[in-house]
Amino acid sequence: MRLEKQVAIVTGGARGIGRKIAEVLASEGAKVFIVDLADPGGSLPQGMEFIEGDVRSPAAAEKIVTGVVDRCGRLDILVNNAGIVRDTLTLSMERSAWDEVIETNLGGAFNFTKPAARFMIARKRGRIINVSSIASRVGGKGQGNYAASKAGIEAFTRTVALELAPKGVTVNAVAPGLIETEMSERVRDMAGNALRRAIPARRYGSPEDVAAVVLFLALPGASYITAQTIVVDGGLSVAGPRPGA
Amino acid sequence: MTDQEIFGKVKECLIDALGVEDDEVGPEATLVGDLGAESIDFLDIIFRLEKVFDMKIPRGDLFPEDILLGEGNIEDGKLTEKGLAQVREKLSSLDISKLEKNPRVSQISNLFTVKMIADYMKSKVG
Ligand SMILES: NC(=O)c1ccc[n+]([C@@H]2O[C@H](COP(=O)([O-])OP(=O)(O)OC[C@H]3O[C@@H](n4cnc5c(N)ncnc54)[C@H](O)[C@@H]3O)[C@@H](O)[C@H]2O)c1
């Protein structure tokens, strides 16, 4: 067990990618607190605990982080994973849909990073891992709000990484492609097989594919990697048209 | 708390925050020039002082970096008369004659010495 005694917070950890990340960190011995809007229900695996919270609230974030540190005496890993989509063409997008996505995906990461970093620099160790998306770099019609939030989180990742590097805290991002979760269900249903075939790896990613990279970034061996975004997309974001190839 | 105790605690905070050796932290050592501090370290030092002395230190009080942001305080990389006046007011206990002669922004950090922190804490602890 490579994360024994370590303490982690995973936002949006009730289901999907966040849930898998939490399970993988816990399976390596970490105590993992999942923060989400609603209790996932059912019994959680050993080492995992649920905390109700909305990442859009800075006060809630501060309270949750402080609570975890008070209880466990440490916080080693923060995974800013909570995210939503509200897809629609820019010309028909309500300002509220813009705000909701930016506040959750980008604002949520800021809200948790600030109090977490404070505790991490005091102990001169810590890993912050932000979940981005290839939407940060490849266009997707109807995703103006989402793409902006994900480009933002990558830029935020680089900045905080530089600020915290002297204190032994690394900050990286993981940018998944199309992963089989509830979030991508509509897109996958609509596009059918054509979409899957456009992926060089010829399959959608799984939450495990993403969690494996988050775990790697959390392990002791990754201490010299910071300010990076690692793309986990089966090659999708670099694939051009493949006529007859 | 005696002066020596205060200095000892300040020293401990600086050693922890900056990863420097005990003998580097003399009273006259400058945080940036001699001890290699950068912006994040100033925050880290404040957090550690708050913990060790068990008190709140208002932001901008100990290291008045906000002077750099004030409207009209800086021109061409140098502090204006207005900026210098604010430095005098905020850091009244310090000798800023060197800064007056060469008011480059980069020189401000030279005012931040180990002694300055110890003096500030002394004024707070009473
Ligand atoms: N699924 C994909 O194809 C894909 C691709 C790229 C990036 N991502 C990113 O991965 C992350 C996880 O996505 P997923 O596919 O697991 O989605 P999901 O919808 O299955 O899960 C997201 C979780 O975040 C929670 N959440 C939403 N808003 C919240 C808030 N305000 N406060 C607390 N929790 C909140 C939800 O309740 C949910 O449990 C997101 O950041 C998403 O943008 C997903």
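Predicted model: local features only at pLDDT ≥ 70, side-chain atom pairs only at ≥ 80, totals over all residues.
Modeller: A charge sits over a ring if NZ of Lys or CZ of Arg is within 6 Å of the ring centre and within 35 degrees of the ring normal. Residues are numbered from 1 along each chain as its sequence is written, chains are lettered from A and ligands numbered from 1 in the order in which they are written, and side-chain values use heavy atoms, leaving out hydrogens and water.

Biologist: Which ring does the charged end of Arg118(A) sit over?

Modeller: The ring of Phe47(B), whose centre is 3.7 Å from that charged end. Lys9(B) likewise lies over the face of Phe53(B), 5.5 Å from the ring centre.

Biologist: How many aromatic pairs does a search of the whole structure find?

Modeller: Four, over all chains. One of them is Phe42(B) with Phe63(B), 4.6 Å centre to centre and with 75 degrees between the planes. Rings of Phe, Tyr and Trp (its six-membered ring) pair with centres within 6.5 Å; planes under 30 degrees apart are stacked, over 60 edge-to-face, the rest tilted, so this pair is edge-to-face.

Biologist: What makes this pair a link between distant parts of the chain?

Modeller: Phe42(B) belongs to helix H2 (residues 39–53), whereas Phe63(B) is in the loop between H2 and strand E1 (74–75), 21 residues apart. Helices (H or I, at least four residues) and strands (E, at least two) are DSSP runs, numbered from the N terminus.

Biologist: Why is Phe42(B) called buried?

Modeller: Buried means under 20% relative accessible area, exposed over 50%, partly exposed in between (1.4 Å probe, protein chains only). Phe42(B) has 7%, so it counts as buried. Phe63(B), at 3%, is buried too.

Biologist: Why is the pair of Phe63(B) and Phe112(B) edge-to-face?

Modeller: Because their planes are at 65 degrees, with the ring centres 5.2 Å apart. Phe112(B) lies in the loop between helix H5 (105–108) and helix H6 (114–125), 49 residues from Phe63(B).

Biologist: How do you know whether the radius of gyration of chain B agrees with a compact globule?

Modeller: The radius is taken over C-alpha atoms, and the globule rule is 2.2 Å times the number of residues to the power 0.38. For 126 residues that gives a value near 14 Å, and chain B has 14 Å, so the two agree. Its C-alpha atoms fill a box of roughly 40 × 25 × 25 Å along the principal axes. Chain B has six helices and two strands, and 41% of its 126 residues count as buried.
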